[in-house]
Amino acid sequence: IDGQMNDVAVNHNELAEAGKAGQIADGSKSRYVNGKGLEYNQAFAKGLIGALLADQILNNYLSKAVLDDGINISNNDNKVTENDKNYTTMEHMWDEAYGYLYGDPSIPVADPNSVLNESEDRLLFSYLGQVDADSDFAGIAEETYQAFKKGRAAIVGNDYDTRDEQVIIIRENLSTVIGVRAVHYFQGRKSDIQNGNWGHAFHALSEGYGFLYSLRFSHNPETGLPYISPETLKTYKDQLMNGNGFWDVEADTLDEISQAIATAFGFTVEETLE
């Protein structure tokens with residue numbers, strides 16, 4: 001926010017160049033970047049997808065530390081509800097996680113996936129839909145929705161093994177969404193860099209940079225840790241911002257980072273390009 005206001009905003013009428021913040025053309029649009037070509041608003045929004053939404057869903061509300069906290073299991077078994085409410089604390093925690101994904105008012109309660117890529121949501125639900133639209137990942141949105149439903153029903157039925165199985169599915173799928181989009185944006189604009197179409201390239205690279213940050217909040221059910229460590233992700237971010245940042249970034253660097261992300265998740269770089 002400091003960089004946006006005190007570096008980019010004050011130079012919004014200036015043309016950006018390597019080492020200098022300002023505006024840069026992207027077709028008929030103008031993008032506003034810092035001296036390294038980073039579009040702060042894109043990095044911030046895509047970083048928020050991990051730091052707020054994914055983190056709250058995957059690492060907070062769906063964790064056993066929250067779902068099974070204190071006497072939650074006993075209260076759920078005996079249908080002891082929260083004061084003046086018709087749900088148990090465990091049910092409420094699950095619903096909180098659900099709301100972080102499906103809570104935008106434009107998403108219908110009866111069938112959220114009926115508005116995939118048509119809702120007003122611009123955060124995690126939107127990108128779940130975009131990944132689902134890729135034939136290599138088709139069905140990921142419905143599988144995620146069904147896991148939320150089945151897990152909620154399992155809580156009502158005191159079936160905690162089934163609940164935990166659904167948590168695994170949700171953690172894998174939503175983490176994968178972040179990984180896929182990071183690679184997608186790093187790969188999709190290599191030709192723009194080579195052709196000097198800087199505005200178009202920097203916009204996408206800034207989105208990829210934000211998703212790269214979000215990866216630290218992913219959750220690998222096999223390890224209980226992010227799919228890629230924060231230390232490794234910092235190395236990648238430093239590579240992208242080295243020197244003049246996106247002005248200097250090379251295709252080989254984007255390929256190396258993309259391949260590392262794809263390997264960590266078990267998909268291929270090519271599968272993210274659709």
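## Helix α11 and its buried face

Which residues of α11 are buried? In this predicted model, they are Leu 233, Tyr 236, Lys 237, Leu 240 and Met 241. Viewed down the axis of α11, these buried residues fall within an arc of 130°, so they line one face of the helix. An α-helix has 3.6 residues a turn, so residues three or four places apart point the same way.

Helix α11 itself covers residues 230-241, a stretch of 12 residues. From its first C-alpha to its last, α11 reaches 16 Å, which is close to the 16 Å expected at 1.5 Å a residue. Just after α11 comes Gly 243, which takes a positive phi of about 65°.

## Partners of α11

Against which helices do the buried residues of α11 pack? The partners are α8 (160-188), α10 (198-214) and α12 (251-265).

The pairing with α12 can be described in detail. The axes of α11 and α12 come within 11 Å and cross at roughly 165°. An angle over 145 degrees counts as roughly antiparallel, and α11 and α12 are therefore roughly antiparallel to each other. Their crossing is left-handed. On the α11 side, the residues that meet α12 are Tyr 236, Gln 239 and Leu 240. On the α12 side, Thr 253, Leu 254, Glu 256, Ile 257 and Ala 260 take part.

## Ser 175 in helix α8

Helix α8, one of the partners of α11, contains Ser 175. Is Ser 175 buried or exposed? Its relative accessible area is 0%. Buried means under 20% relative accessible area, so Ser 175 is buried.

Leaving aside residues up to four places away in sequence, Ser 175 touches Leu 58, Ser 218, His 219, Tyr 227 and Phe 265.

## Helix α5

Helix α5 has 14 residues, numbered 89-102. Between its first C-alpha and its last, α5 reaches 20 Å, close to the 20 Å expected at 1.5 Å a residue.

The buried residues of α5 are Met 90, Glu 91, Met 93, Trp 94, Ala 97, Leu 101 and Tyr 102. These residues cover an arc of only 165° around the axis, which puts them on the same side of α5. What covers them includes α2 (40-61), α3 (64-67), α4 (72-77), α6 (124-132), α7 (140-156) and α8.

Methods. Residues numbered from 1 in each chain as written. Predicted model: local features only at pLDDT ≥ 70, side-chain atom pairs only at ≥ 80, totals over all residues. Heavy atoms only, no water. Helix = DSSP H or I, 4+ residues; strand = E, 2+ residues; numbered from the N terminus. Expected span 1.5 Å × (residues − 1). Buried < 20%, exposed > 50% of the residue type's maximum accessible area, 1.4 Å probe, protein only. Arc of directions from axis to C-beta. Contact = heavy atoms within 4.5 Å. Axes fitted to C-alpha atoms, helices over the stretch in contact; angles between N-to-C directions. Parallel < 35°, antiparallel > 145°, perpendicular 65-115°, else oblique. Left-handed = near helix turned anticlockwise from the far one by under 90°.
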